[in-house]
Amino acid sequence: MSVVESWSRVMSLLREHAPADHADLPGPATEQMIAAAEERMGIQLHRELRAWLLQNNLDLPEEDVDDDVACCGFAGFPDEGSFLLGIRAMEKLYANHSMPGGVNPPDQPDNPFWRNEWIPFLSDQGGWTGKFIDVRDGRIGRWFVGEITTTGEYASLAHYFDSVAEMLTKIADGSHPTCSVAEGRLAWS
């Protein structure tokens, strides 16, 4: 399944089971927005990430952005403590992580905390933890400040979105242990 198909499945489930959350999500990024962000970051986004952003750019409206937090996004989706990033938020978090020379720390190229080839697409507000896509091969990894970074957690962004769709299916059928739907919104306990 392609990333567009996987994301469409997520959006269909969200629209059906949490329509108020679905209605809050903005429209797509444009090619111009993506190209400008790539130029500012100095890196080409992976094709799956580009395809996803052309479906939904999940940046908050400017008036809702809190400059006192590392990242802003739509709270409660895809889970309680983190959110998917739009292109502005990706760019901001990428700038916080990227390093001259491309690896942080530079003396651990085989086991770094961060590589400049990693583009964050999911984070908590503080930027302490999240998921990234490796632009070299499209694999998904996870970082948590103070812990070893995990690479290859998912084979692709499509596989990650398939897992989100599975989670939404469990929420919809009442079998998810910490989330339900209330008044058209995901409700985490």
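Which residue stands opposite Ile 119 in β5? The residue is Ile 133, and this pair is a handy place to start looking around. Keep in mind that the structure is a predicted model. Below is a short tour, going from the whole chain to its sheet, its helix, and the spaces inside.

**The chain as a whole**
- The chain contains 6 helices and 9 strands.
- Its radius of gyration is 16 Å, close to the 16 Å that the globule rule gives for 189 residues, so the chain is as compact as a globular protein of that length.
- Along the principal axes, the C-alpha atoms of the chain fill a box of roughly 50 × 35 × 35 Å.

**The sheet**
- As a bit of background, strands of a sheet pair through backbone hydrogen bonds, either parallel or antiparallel.
- Here you can find an open sheet of 5 strands, with antiparallel pairing and the order β1-β4-β5-β6-β7.
- At its edges are β1 (83-84) and β7 (150-154), each of which pairs on one side only.
- Look next at β4 (residues 118-123) and β5 (residues 129-134): these strands run antiparallel and are joined by 5 bridges.
- The opening pair belongs here, with Ile 119 opposite Ile 133 in β5.

**A helix across the sheet**
- Helix α5 (residues 87-97) lies across two strands, β4 and β6 (140-144).
- The helix runs at about 120 degrees to β4.

**The largest pocket**
- The largest pocket has a volume of about 160 Å³.
- Its lining is made of 13 residues, and those nearest the centre are Asp 79, Ser 82, Leu 122, Lys 131 and Tyr 160.
- Both β5 and α6 (157-172) supply at least two residues each to this lining.
- The largest share comes from α6, with 4 residues.

**The cavity**
- There is 1 cavity of 30 Å³ or more in the count.
- The largest cavity has a volume of about 30 Å³.
- To find the largest cavity, look for Leu 13, Leu 14, His 17, Ala 18, Leu 168, Ile 171, Ala 172 and Leu 186, which line it.
- Helices α1 (3-17) and α6 each provide at least two of the lining residues.

Terms used
Residues numbered from 1 in each chain as written. Predicted model: local features only at pLDDT ≥ 70, side-chain atom pairs only at ≥ 80, totals over all residues. Heavy atoms only, no water. Pairing = 2+ DSSP bridges. Contact = heavy atoms within 4.5 Å. Axes fitted to C-alpha atoms, helices over the stretch in contact; angles between N-to-C directions. 1 Å grid on protein atoms, 1.4 Å probe; cavity = no way out; pocket = protein on both sides within 12 Å on 5 of 7 lines; lining within 4 Å. Points joined across faces, edges and corners; volume = space filled by probe spheres on them. Rg over C-alpha atoms; globule rule 2.2 N^0.38 Å.
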